[in-house]
Structure formats: C-alpha cells, structure tokens
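Open the model in your viewer and keep the selection tool ready. The stops below say what to select next and what is there.

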Amino acid sequence: MRSLLTMLGIIIGISSVIMIVGAGTGARDYIVSLIEEMGANAIMISVDATQATENDFLTLDDIENIKNKVDGVESCSPMLIGMGKAVVDSYGKQATVMMIGVNTDIYLSLPEGCTYGRFFSEDEYVSASPLAIIGSASAQTVFGYEDVTDETITIRSSGKAMKVRVCGVANIDQLAGSVGGSSSFTSFFSQNEDEPMMVLFLPCTTLTQITGTSANISMAMVMAEEGSNNEAIGNATVNYLKASHGNFSNSIYVAQDMATYIQIVDIVMQVLTAFIACVGAISLIVGGIGVMNIMLVSVTERTREIGIRKSLGAKTRVITMQFLTESIIICLIGGVIGLTLGITGAYAACAIVGITPKITWWIILIALLFSSGVGLFFGIYPARKAALMSPIDALRRE
C-alpha cells in the first residue's frame, strides 16, 4: 500500500502528460486536416459585409475574370451561402439545409473527389440544373447510409421551393463548416434527431433560383497553381477586385492563405500542448519528492539490515544500487501504470469530441525514460545516505 501511494504522484504525472500530448496532437491534426481539405494552395477571398455596399460584392463575372486575368490562378469558385429547410421526398424526413453555391472549379479542392456518383458538369452549371452534391456525414445522418445518389430533396428557402436530385456524395461537411463560419460550424455539430443539419453543394446558378436573390457573393475560393506564391496571388486578386469595383478601402477585400493558417494552427497547438504538458509534468516532481521521502523512511527502517550487510562485506556500491534500484523500479512501475491510464484517457476524451488521439512511440519512450529518471534522481540521496552509513552505528540501532 505504501509503495502504491508512493507511485500515485508518478502515475498521475505520466498519465496526464500522455493524455494531454496525445489528445493535443490529435486535435492539432484534426484542425489542420479541416484546412487542408480546402487545399494547401487554396486562398479564401472574402468581402467585409459590414462595410460593403451592393456594388462591392463579387459577381459571377468577377469569378471568371479572377480565373482568366490574375496570373497564377488555376481555378476560382464562388462560395455563395444560403440556408433553408429540406424534406427527403422518399420518406418525408425534414432537415435544416446549408447550401453553398459553387461552380465546377470547386472540384479541385476535393482531393478525394466524389465518393459516390459524380459532380455536376459545366453545362449543368450554366443551365442551372437542379442537382446537388451532399456531404458524406450529412447523408449518413439524414438517410442512414452514404450512397444516396439519385435521391430527391425538396428545398424551401425565402418562400420558394425546388426539388433537386442528388448526383454525388463527397466529403464536404467539414469544408462547408469551415467556410460557413463559426455559427454554421457549431450548428452543424449540434445536430438533433428531429431535424438534423444537411450540407449541399449546388450550382451557384441554381442556388440563386432557390433563394430568389441575386448572386451577391461575399466569399470565393481561389486555387493557386502548384508552386506559386499564394500571398502574391491573394494580393493580386484583392487589387483586381478593388480596381474592378472602384473601392480601394484597405479592408473591404481580404485574402486568407490556407497554407498560412496551417502553419499558424500548427505552431499554436504545439506551443499550447507543450505548455499544458509542462504544467502536468509538475506533478512528476511532486511524485519524485514523494519517492525520495519514502526511500528515506525505508533507509531508516532498514538501518540494522544495512549494518549487517556492510559488516559481512557489502561494498558501498552494492548498498547504493540496492536502494537506487528499488527507487527506479517503483517509478518505472508507476510510469507503466500511468502510461496505460494516459492512453486510455486520451482515447476516451477524444471519443467525446469525435477526434482520434495521436500516441507515438517516442511519447511512450519519453514517458518511461522520464519516470525512470525521476526514480534515479530522487533516489540518489537516500541510496547514498544508506551506503555511507557506518556499520558500527547501524548495528547499534535497534
């Protein structure tokens, strides 16, 4: 019991560090993957709606001109957002629908393409065909399975209704949440069984007919050519829009480089994880002090044993190794228990928020070496005290 209580500080320290580092690294990978789904060469062009007039919003002509006139741009797609209500025609299930009006260029930002079905064609985009691409998670939530190609959905928005056919299924839910902003992102992950959230990509021309509004686009996704300078292309696009709309305000048009976001998120998550892990490691120091304390008690209790061993010829090195080994073993066993609890805790915590922790071999190795190091460091003084004890004084002790 005393040994177990001695290990407790080590167990708590190791488990907390493992859990924080594993869950933090998993969260970092998850957030970075959300951004990478838009493409490392993606540049988001947004309009500050709080100060923009109707003339300042992007038009479909702007989207084509950015693609054709700005050097280094491979593709450009509008990201026209609309909200509405949807009813699955086959069995009447209702859902809140987040619609994003895009063109065929957005397909370049989907590295996996369509999981099922196909993307709409350029001719279907021009003719405003009633087609939609549904997110994989949305299909699973609303229909109960993913391959929902050729299913029809009736969408109502702004007093208008349109029946659209699902022509493809793609992994667009997280991309839509990132583009739609924090409120839409939160709404998407706050689904309920009565009225879940559905994400659809539609031709921008079709979306304007559903919502009954003009294509006042406040966001566009620009894909830069491979190897291009994203920052330069973003600035060139912003300058084109300022000249095209005659608005040279410094903040009306903003270019956001997704690759820069990846670097920022990576740095922030690494610093945050390291800081929290260091705070958790403080308990290892506390646990080490506990180990030293209990080893000093052990030396005191076994004074006579030490005296007998030394009088029979045990060398100082042997006595030192006896108590040092005991200290290391206590910490190592505590480290193994803490490692097990930490890995279990990381998976349990990440399961709640739907991410996967990242436990690497070097984290396990560092945890075990650190716990052994604690035993070695805090066991040296008690071991040396025992080894340097005079045999006569030790034998005298009752």
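**A guided tour**

Start with Glu-122: at 41% relative accessibility it counts as partly exposed (buried means under 20% relative accessible area, exposed over 50%, partly exposed in between, with a 1.4 Å probe and protein chains only). This is a predicted model, in which local features need pLDDT of at least 70 and side-chain atom pairs count only at pLDDT 80 or more, while totals for chains, interfaces and linings use all residues. Residues are numbered from 1 along each chain as its sequence is written, and side-chain values use heavy atoms, with hydrogens and water left out.

**Stop 1: the negative patch**

Glu-122 lies in helix α3. Helices (H or I, at least four residues) and strands (E, at least two) are DSSP runs, numbered from the N terminus. Together with Glu-122 they gather in a surface patch of negative charge. Two elements give two or more residues to this negative patch: α2 (60–69) and α3 (122–126). Patches are made of residues with over 30% relative accessible area and no salt bridge; like charges are joined within 9 Å, and nonpolar side chains (Val, Leu, Ile, Met, Phe, Trp, Tyr) within 5 Å. Asp and Glu count as negative, Lys and Arg as positive; His and the chain ends are not counted. The place of a charge is taken as NZ of Lys, CZ of Arg, CG of Asp or CD of Glu. Accessible areas come from the Shrake-Rupley method with a 1.4 Å probe, and for residues only the protein chains shown count as cover.

**Stop 2**

Select Ala-128. Its place is the loop between α3 and β6 (131–135). Ala-128 is buried, with a relative accessible area of 12%. Look at the backbone: Ala-128 has a positive phi of about 55 degrees, although it is not a glycine. Most residues other than glycine have a negative phi.

**Stop 3**

Show residues 80–88 and 152–157 as cartoon. These are strands β3 and β7, paired in the antiparallel sense over four bridges. Two strands pair if DSSP finds at least two bridges between them. Which residue in β7 does Lys-85 stand opposite? Select Arg-156: it is the one in β7 facing Lys-85.

β7 and β8 pair in the antiparallel sense over six bridges. Pick Ile-153; its bridge partner in β8 is Val-164. Then go to the turn. β7 and β8 form a hairpin with two residues between them. Ser-158 in that turn has a positive phi of about 55 degrees.

**Stop 4: salt bridges**

How many salt bridges does the structure hold? There are four, where a salt bridge is a side-chain nitrogen of Lys or Arg within 4 Å of a carboxyl oxygen of Asp or Glu.

- Lys-163 and Asp-89: the closest N and O atoms are 3.9 Å apart. Lys-163 lies in strand β8 and Asp-89 in the loop between β3 and β4 (94–102), so the pair ties together parts that are 74 residues apart in sequence. Lys-163 is exposed, at 53% relative accessible area. Asp-89 is partly exposed, at 29%.
- Arg-165 and Asp-150: their side chains meet at 2.9 Å, N to O. The pair links distant parts of the chain, with Arg-165 in strand β8 and Asp-150 in the loop between α4 (136–143) and β7, 15 residues apart. Arg-165 counts as partly exposed, at 31% relative accessibility. Asp-150 counts as exposed, at 55%. Check the backbone of Asp-150 too: its phi is positive, about 75 degrees, although it is not a glycine.
- Glu-124 and Arg-118: their side chains meet at 2.8 Å, N to O. Is Glu-124 buried or exposed? At 17% relative accessibility, Glu-124 counts as buried. Arg-118 is partly exposed, at 36%.

**Stop 5: the nonpolar patch**

Select Leu-272, Phe-275, Ile-276, Val-279, Ile-282 and Val-286. They make a nonpolar surface patch of about 550 Å². Zoom in on Ile-282, which lies in helix α9 (residues 258–301). Ile-282 is partly exposed, with a relative accessible area of 47%.

**Stop 6**

Finish with Ile-330, in helix α11 (residues 316–353). Ile-330 is buried, at 8% relative accessible area. Now select Leu-4. The C-alpha atoms of Ile-330 and Leu-4 are separated by 8.4 Å, with the two residues 326 apart along the chain.
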